[in-house]
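I would ask you to read them with the coordinates open beside the text.

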Amino acid sequence: MTGLLLARGDTRRCLTAAATATLLVTDAWFDTTTASAGEAGAALAMAFCAELPLAAVCALVACRALPDRGR
């Protein structure tokens, strides 16, 4: 949904991008804390190479899409 709203130039992308960023960080946290010893490396690799960078991009999209309040 974030990508679709971003492609359309819709300002509501702020809401979906913020939610997506939050869910990605939460998923990375749960994956790394619940991984067994054999899966810890893969969980950390996914967190640092995919989920957290994508969460940062979504947070940036959300911040840039905030409406200007006349400051």
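**Notes on the model**

1. At 22% relative accessibility, Ala35 counts as partly exposed, where buried means under 20% relative accessible area, exposed means over 50%, and partly exposed covers what lies in between, with a 1.4 Å probe and protein chains only. Ala35 sits in the loop that runs between helix H2 (13-34) and helix H3 (40-64); helices here are DSSP runs of H or I with at least four residues, numbered from the N terminus. Once neighbours within four places in sequence are left aside, the contacts of Ala35 are Ala40 and Ala43, a contact being heavy atoms within 4.5 Å.

2. On the basis of these notes: this is a predicted model, in which local features need pLDDT of at least 70 and side-chain atom pairs count only at pLDDT 80 or more, whereas totals for chains, interfaces and linings use all residues. Residues are numbered from 1 along each chain as its sequence is written, and side-chain values use heavy atoms, with hydrogens and water left out.

3. Helix H1 covers residues 2-8, and Thr2 belongs to it. Thr2 is buried, its relative accessible area being 14%, and, not counting residues up to four places away in sequence, Thr2 touches Arg13, Thr16, Ala17 and Thr20. Along the chain Thr2 and Ala62 are 60 residues apart, yet their C-alpha atoms are separated by 9.5 Å.

4. Which residues make the nonpolar surface patch? The patch, of about 350 Å², is made by Val25, Leu44, Phe48 and Leu52, and H3 gives the most to it, with three residues. Patch members must have over 30% relative accessible area and no salt bridge, and nonpolar side chains (Val, Leu, Ile, Met, Phe, Trp, Tyr) are joined within 5 Å, while like charges are joined within 9 Å. The accessible areas come from the Shrake-Rupley method with a 1.4 Å probe, and for residues only the protein chains shown count as cover.

5. Phe48, which lies in helix H3, counts as exposed at 57% relative accessibility. Leu52 is also found in helix H3, and with a relative accessible area of 31% Leu52 is partly exposed. Leaving out residues up to four places away in sequence, Leu52 touches Val25, Ala28 and Ala47, and its C-alpha atom is separated by 8.3 Å from that of Ala21, 31 residues apart along the chain.

6. Leu54 is a further residue of helix H3, partly exposed at 44% relative accessibility.

7. How many aromatic pairs does the structure hold? The structure holds one aromatic pair. The ring centres of Trp29 and Phe30 are 4.9 Å apart and their planes stand at 50°, so the pair is tilted; rings of Phe, Tyr and Trp (its six-membered ring) pair if their centres lie within 6.5 Å, with planes under 30 degrees apart counted as stacked, over 60 as edge-to-face and the rest as tilted. Trp29 is exposed, at a relative accessible area of 52%, whereas Phe30 is partly exposed at 44%.

8. One salt bridge is counted, the term meaning a side-chain nitrogen of Lys or Arg within 4 Å of a carboxyl oxygen of Asp or Glu. This salt bridge joins the side chains of Arg12 and Asp10, at 2.6 Å from N to O. Arg12 counts as exposed at 52% relative accessibility, while Asp10 counts as buried at 18%.

9. The count of disulfides is zero, a disulfide being a pair of cysteine sulfur atoms within 2.5 Å. For Cys49 the closest cysteine sulfur, in Cys58, is 17 Å away, too far for a bond, and Cys49 is exposed with a relative accessible area of 65%. For Cys63 the closest cysteine sulfur is in Cys14, at 7.5 Å, which is again too far for a bond; Cys63 counts as exposed at 53% relative accessibility.

Conventions. Helices (H or I, at least four residues) and strands (E, at least two) are DSSP runs, numbered from the N terminus.
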